[in-house]
Amino acid sequence: MTTDLVLPAWLPPEQQATLRSLAERNAAAHGDDLLGIVLSGSAARDHATVHSDVDVIVVLTDEAAAGRSASHSPEVDEAVGSWTELQTRAPFGTEDWWFRWSYAWAPVLLDRTDGALADAVRRQATLTPEEADAVLVDHDRLDGWLNFAYRALKNDRDGRPLETRLDAAESVPWLLDVVFAMAGRVRPYNKYLPWELRTHPVDGWPAEVVLDLVQRTLEGDVGAVRETYARVRETCASCDAARGHTRTTDMVEGWGDELSLFEQRAG
């Protein structure tokens, strides 16, 4: 079976050589049990610095993976994934959920499964409509964002600037879960948020708009909180229409008269 790699053009020659050597070593060690190699981390996204190493996931059959462990060198972090693990999508809130984004936009360097591996990689970083609804509604990320945003607005109304800023800042992780879940995607790690928004835009949430809203919210700007609320309402309506239900809209409207605080204008 071939070990020819499909390498991103942005990788420098020394990293390409390192990856070819890694592939040959794993092919020699595992033979047909080597199913593929996935590039992850900064190198996978043309986002590396002089301090970055190369992160790869070596995908093996379940039996072969059981006998391997991850390894690390100054040049390469070599994780090991079993075929079953790659095909299993961890639910939101579980320990392995956090690792799902490591597969987002990750180039498959070697695929010995006639495309099944590439499909599994893509599924790890995307959400089915049911998964998205679970994040937004069942795990209360939408309601949680509303809660922190509402607390920030109340603190601002009552003349508590520090408390306003704290609650506004705490709302941001919840907001990002909402934005990406509504787009059917796993939220990126903070390091990659600007990169993903700019290189893989989210419908209705232009990169510079999102980054501006996040920055202003972190500074306790309640105007940004209210602008974000208006965008969230629009996105809820669009998502509900696409999915044939009103679950996210109903969750927002369940706040009743308290939503008036979101709809007030400065001055």
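1. A residue counts as buried under 20% relative accessible area, as exposed over 50%, and as partly exposed in between. On that scale Asp158, at 40%, is partly exposed. The model is a predicted one, and the comments below should be read with that in mind.

2. Asp158 forms a salt bridge with Arg157, the side chains meeting at 3.0 Å, N to O. Arg157 has a relative accessibility of 51% and therefore counts as exposed. In total the structure holds 16 salt bridges.

3. Another of these pairs is Asp138 with Arg247, whose side chains meet at 2.8 Å, N to O.

4. How many of the 10 residues of helix H6 are buried? The answer is seven, and the helix, which spans residues 129-138, is mostly covered. The buried residues are Glu131, Ala132, Asp133, Ala134, Val135, Leu136 and Val137. Their cover includes helix H7 (141-157), helix H8 (161-182), H11 and helix H12 (247-253). After H6 comes Asp140, which has a positive phi, near 65 degrees.

5. Helix H10 (residues 207-218) packs against helix H11 (residues 222-243) at an angle of about 140 degrees, and the two axes are 8 Å apart. That angle makes H10 oblique to H11; only angles over 145 degrees would count as roughly antiparallel. The crossing of the two helices is left-handed.

6. On the H10 side of this contact are Val209, Leu213, Arg216 and Thr217, and they meet Gly223, Ala224, Val225, Glu227, Thr228 and Arg231 of H11. By class, the contact has four nonpolar, three polar and three charged residues.

7. Arg216, one of the H10 residues in that contact, also forms a salt bridge with Asp221 (3.0 Å, N to O). Is Arg216 buried or exposed? At 18% relative accessibility Arg216 counts as buried, while Asp221 is partly exposed at 28%. Arg216 and Asp221 belong to a network of salt bridges that also links Asp212 and Glu227. Glu227 is itself among the H11 residues that meet H10.

How values were computed
Residues are numbered from 1 along each chain as its sequence is written. This is a predicted model: local features need pLDDT of at least 70, side-chain atom pairs count only at pLDDT 80 or more; totals for chains, interfaces and linings use all residues. Side-chain values use heavy atoms; hydrogens and water are left out. Axes are lines fitted to C-alpha atoms, for helices over the stretch in contact, and angles run from 0 to 180 degrees between N-to-C directions. Helices (H or I, at least four residues) and strands (E, at least two) are DSSP runs, numbered from the N terminus. Angles under 35 degrees count as roughly parallel, over 145 as roughly antiparallel, 65 to 115 as roughly perpendicular and the rest as oblique. A crossing is left-handed if the near helix is turned anticlockwise from the far one by less than a right angle, and right-handed if clockwise. Contact means heavy atoms within 4.5 Å. Ala, Val, Leu, Ile, Met, Phe, Trp, Tyr, Cys and Pro count as nonpolar, Asp, Glu, Lys and Arg as charged, and the others, Gly among them, as polar. Buried means under 20% relative accessible area, exposed over 50%, partly exposed in between (1.4 Å probe, protein chains only). A salt bridge is a side-chain nitrogen of Lys or Arg within 4 Å of a carboxyl oxygen of Asp or Glu.
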